[in-house]
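The sequence and structure come before the details.

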Amino acid sequence: MRSMLVWSKILLAISTYWVLVVSQARGKTQSEPDAPWSRVEKRADLTNHTRLFEGMRFSDGPSVTRACLTCHPEAATQVMKTSHWNWLGEPQTLPGRSEPVRIGKRNLMNNFCISIESNWPKCTVCHAGYGWQDERFDFANQELVDCLVCHDRSGTYAKTLAGIPEKDIDLMLVAKSVGPPTRDNCGWCHFNGGGGDAVKHGDLDGSLAKPVERIDIHMGRLDFQCTQCHRTREHRISGKMISVNTSDSNQIGCTDCHSRSPHRIERINRHAGALACQSCHVPEVAKFQATKVAWDWSTAGRDTQQNDPHRYLKAKGSFLYVKKLIPKYMWFNGRVDRYLKGDRINPDEVVHINLPMGRIEEPDAKIWPFKVHRAKQPYDVENAYLLVPKTWGAGGYWTDFDWNQAAELGSEASGLPFSGKMGFVETDMVWKLTHMVAPARDALRCVDCHAGSGRMDWLSLGYDGDPALVGGRKHRRQLLRNQ
């Protein structure tokens with residue numbers, strides 16, 4: 001029986017291989033030339049600021065901003081209209097909700113450190129402003145805009161609690177160095193999302209500061225800066241993360257520069273109707289640093305386990321990290337269903353924090369690669385919703401290791417009543433993978449997905465089996481129509 005099973009797999013692999021070989025042999029050259037360099041955003045010129053601050057002294061961050069605004073009077077106003085400043089996006093309509101909502105890091109929950117509310121100073125280290133200590137932060141004060149965090153070219157600038165520059169920073173040195181943002185500027189926050197290098201995203205970490213081409217072809221071989229893809233106008237940066245956004249507006253894509261049919265073989269070009277470019281060209285992430293894929297808050301507070309930032313911390317619980325992570329593949333139409341604060345849950349089921357929408361039957365949906373982060377986090381047993389615990393600072397769990405106290409303080413800040421009964425529930429959260437683009441030689445090959453032992457779970461994706469053998473998405477739609 002076992003030998004028959006082995007032979008069946010071998011025969012399936014051989015038949016799939018020849019189907020693909022024949023298909024490729026019959027392929028034709030592309031009809032649309034691929035000329036990405038004609039569309040690549042040109043780098044902004046660097047202005048020498050060395051002599052522009054003569055006679056000035058900078059005592060704090062806002063004093064630098066005041067100097068910047070003398071030559072760039074519109075800059076702060078522009079920044080204050082962006083999500084990098086407000087930590088909120090434009091109003092959007094979510095599935096199953098009648099009224100548009102305005103969401104962002106300021107009011108959303110996640111399954112990492114859970115929420116900014118009651119934990120402001122620790123979270124706002126990465127805010128593009130100065131002094132966000134609590135809910136009373138003045139978002140209308142232009143002097144609180146931090147110009148340096150995005151424009152420092154000295155490599156010496158760093159921020160601490162509430163986004164205040166570290167004490168020993170030479171602000172004059174930093175101000176004289178400013179220029180267009182680099183990967184170091186963007187990465188200072190985005191590489192370290194979740195509290196450390198590579199923790200949250202999987203496809204963003206410190207290896208991208210100065211990567212070799214096997215880490216990312218655009219940033220490695222071609223030395224792209226972030227803003228060459230994330231094009232910016234009036235300080236509004238294009239591109240959105242599905243962790244904090246649910247719509248597909250203001251997005252960027254490979255076809256901003258590349259042709260929609262860039263391959264020499266037409267058979268491969270036809271894959272673009274059902275596959276995102278990243279599904280083949282981002283075959284793995286966390287190439288250099290391991291990324292967190294699981295976090296169990298319910299095990300926190302134990303003195304019997306040894307602290308290890310990649311396995312267990314008393315303040316945070318248990319973790320699982322993975323290096324060279326193989327993505328999870330799901331249909332995605334650009335929209336996301338989102339858990340909002342106060343939504344009721346079923347504690348017997350996994351709570352989806354942000355669920356990519358899309359089905360095989362949808363013409364605009366494509367198979368995308370994702371990182372999935374699973375967690376076990378606090379919820380209110382009687383009210384049946386996720387809780388916002390205070391973790392950082394006086395009375396926080398990381399200080400007193402008292403979950404009830406942390407839940408009460410967090411509820412006061414978030415406006416969610418706490419019943420006094422807390423439990424832990426399983427959740428998951430996904431991150432769309434689009435960085436760490438591999439060189440062409442390392443992109444997925446036919447047999448990586450087909451031939452019986454590939455990485456795709458065709459049944460969970462809605463196919464009757466390997467589409468190389470049973471037919472692709474159009475075949476699947478026809479079957480559904482005939483049922």
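## A buried glutamine

Q92 sits in the loop between helix 4 (83–86) and helix 5 (120–123); helices (H or I, at least four residues) and strands (E, at least two) are DSSP runs, numbered from the N terminus. This is a predicted model, in which local features need pLDDT of at least 70 and side-chain atom pairs count only at pLDDT 80 or more, while totals for chains, interfaces and linings use all residues. Residues are numbered from 1 along each chain as its sequence is written, and side-chain values use heavy atoms, with hydrogens and water left out.

The relative accessible area of Q92 is 8%, so the residue is buried. Buried means under 20% relative accessible area, exposed over 50%, and partly exposed in between (1.4 Å probe, protein chains only). The side chain of Q92 makes a polar contact with the side chain of T246 at 2.3 Å, and also reaches the backbone oxygen of E90 at 3.3 Å. A polar contact is a pair of N or O atoms within 3.5 Å; within protein, one must be able to donate a hydrogen and the other to accept it, and residues adjacent in sequence count only if both atoms are side-chain atoms. Not counting residues up to four places away in sequence, Q92 touches P100, V101, I103, N245, T246 and S247, where contact means heavy atoms within 4.5 Å.

## Nonpolar cores

The largest nonpolar core has 30 residues, and those with the most contacts inside it are F58, V64, W85, W132, L148, Y157 and L171. Two or more residues of this core come from each of helix 2 (61–71), helix 3 (75–79), helix 6 (148–151) and helix 7 (171–177). Such a core is a set of buried Ala, Val, Leu, Ile, Met, Phe, Trp, Tyr and Cys residues joined through side-chain atoms within 4.5 Å. Leaving aside neighbours within four places in sequence, Y157 is in contact with Y130, D146, L148, V149, D152, P165, I169, L171, V174 and W188. Apart from this core lies another, of 29 residues, with V199, A300, Y385 and L387 among them.

Helix 2 is largely enclosed by the rest of the structure because eight of its eleven residues are buried. The buried residues are G61, P62, S63, V64, T65, A67, C68 and L69. They pack against helix 3, helix 6 and helix 7.

## Salt bridges

The structure holds 16 salt bridges, each a side-chain nitrogen of Lys or Arg within 4 Å of a carboxyl oxygen of Asp or Glu. R231 pairs with E41 in one of them, with the closest N and O atoms 3.7 Å apart. This pair links distant parts of the chain: R231 is in the loop between helix 8 (183–190) and strand 1 (232–233), and E41 is in the loop between helix 1 (2–25) and helix 2, 190 residues apart. R231 is partly exposed at 25% relative accessible area, whereas E41 counts as buried at 18%. A network of salt bridges links E41, R231 and R233.

E382 and K421 form a salt bridge with an N to O distance of 3.2 Å. These partners also lie in distant parts of the chain, 39 residues apart: E382 in the loop between strand 9 (366–380) and strand 10 (385–386), K421 in the loop between helix 12 (403–414) and strand 11 (422–432). E382 is partly exposed at 47%, and K421 is partly exposed at 46%. R359 and E361 meet in a salt bridge at 3.3 Å, N to O, and E361 is partly exposed at 28% relative accessibility.

## A buried lysine without a partner

K390 lies in the loop between strand 10 and helix 11 (397–400). K390 is buried yet has no salt bridge, and the nearest side chain of opposite charge, E412, is 9.3 Å away. Here Lys and Arg count as positive and Asp and Glu as negative; His and the chain ends are not counted.

The side chain of K390 reaches the backbone oxygen of S118 at 3.0 Å. Leaving aside neighbours within four places in sequence, K390 is in contact with S118, N119, G396, Y397, A406, L409 and G410.

## Cysteines

A search of the whole structure finds zero disulfides, a disulfide being a pair of cysteine sulfur atoms within 2.5 Å. The sulfur of C226 is 3.8 Å from its closest cysteine sulfur, in C186, which is too far for a bond. For C150, the closest cysteine sulfur is also in C186, at 6.8 Å, again too far for a bond. C150 counts as partly exposed at 32% relative accessibility.
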